[in-house]
Amino acid sequence: MTTLRHPCSHSTATWLLLMIATFISWSIGEKGESGLAWAGVLSLITVIKGSAIILDFMGLAKAPALWRGLVLGWLIFVLLLIGLIYWNGVSQ
């Protein structure tokens, strides 16, 4: 007996998510939106996209927890650092 595989693989679904998230980010920038709320939305989109790339395309979903934690932690650290710099610039 043969099993049929769904034509939309996990990588294809991830790629589609990345394309949709990129289009949303581009649309926000193209409209000229600004402010703390929009920066938060873009940061959230960045976390989603970065996590998808790290876990799916870099193959760390099945890697040891240490490697997954290090790379995802690096992503969060960089975004928090950017957020802190942005927050200090806005509050002055």
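Trainee: Which residues line the largest pocket, and how do I read such a lining?

Mentor: Rolling a probe the size of a water molecule over the atoms shows where empty space is left. A pocket here is an open set of points on a 1 Å grid over the protein atoms alone, where a 1.4 Å probe fits, with protein on both sides within 12 Å along at least five of seven lines; lining residues have an atom within 4 Å of a point. In this structure, the lining is made of Leu36, Ala39, Gly40, Leu42, Ser43, Thr46, Leu79, Ile82, Gly83, Tyr86 and Trp87. Keep in mind that this is a predicted model, in which local features need pLDDT of at least 70 and side-chain atom pairs count only at pLDDT 80 or more, while totals for chains, interfaces and linings use all residues. Residues are numbered from 1 along each chain as its sequence is written, and side-chain values use heavy atoms, with hydrogens and water left out.

Trainee: What volume does the largest pocket have?

Mentor: A volume is the space filled by probe spheres set on the points, which are joined across faces, edges and corners. For the largest pocket this comes to about 210 Å³.

Trainee: Which helices supply its lining, and which one gives the most?

Mentor: Helices are DSSP runs (H or I, at least four residues), numbered from the N terminus. Both α2 (36-57) and α3 (65-91) supply at least two residues of the lining. The most comes from α2, with 6 residues.

Trainee: How many of the lining residues are nonpolar, polar or charged?

Mentor: Ala, Val, Leu, Ile, Met, Phe, Trp, Tyr, Cys and Pro count as nonpolar, Asp, Glu, Lys and Arg as charged, and the others, Gly among them, as polar. By that scheme the lining has 7 nonpolar residues, 4 polar and no charged.

Trainee: What span should α2 have, and what is the distance between its end C-alpha atoms?

Mentor: The expected span is 1.5 Å times one less than the number of residues. The 22 residues of α2 should therefore span 32 Å, and its end C-alpha atoms are 30 Å apart, which agrees. As for α1 (10-31), its 22 residues reach 32 Å from first C-alpha to last, close to the 32 Å expected.

Trainee: Which residues of these two helices are buried, and what do they pack against?

Mentor: In α2 the buried residues include Ile45, Gly50, Ala52 and Ile54, and their cover includes α1 and α3. In α1, Thr14, Leu18, Ala21, Ser27 and Ile28 are buried, and they pack against α2.

Trainee: Let's compare two residues. Why does threonine 14 count as buried, and why does aspartate 56 count as partly exposed?

Mentor: Threonine 14, in α1, counts as buried because its relative accessibility is 5%. Aspartate 56, in α2, counts as partly exposed because its value is 27%. Not counting residues up to four places away in sequence, threonine 14 touches Ala52, Asp56 and Phe57, while aspartate 56 touches His10, Thr14 and Ser51.

Trainee: Where is leucine 81, and how many Å separate it from serine 43?

Mentor: Leucine 81 sits in helix α3 and is partly exposed, with a relative accessible area of 40%. Leucine 81 and serine 43 are 38 residues apart in sequence and 12 Å apart in space, C-alpha to C-alpha.

Definitions and conventions
Buried means under 20% relative accessible area, exposed over 50%, partly exposed in between (1.4 Å probe, protein chains only). Contact means heavy atoms within 4.5 Å.
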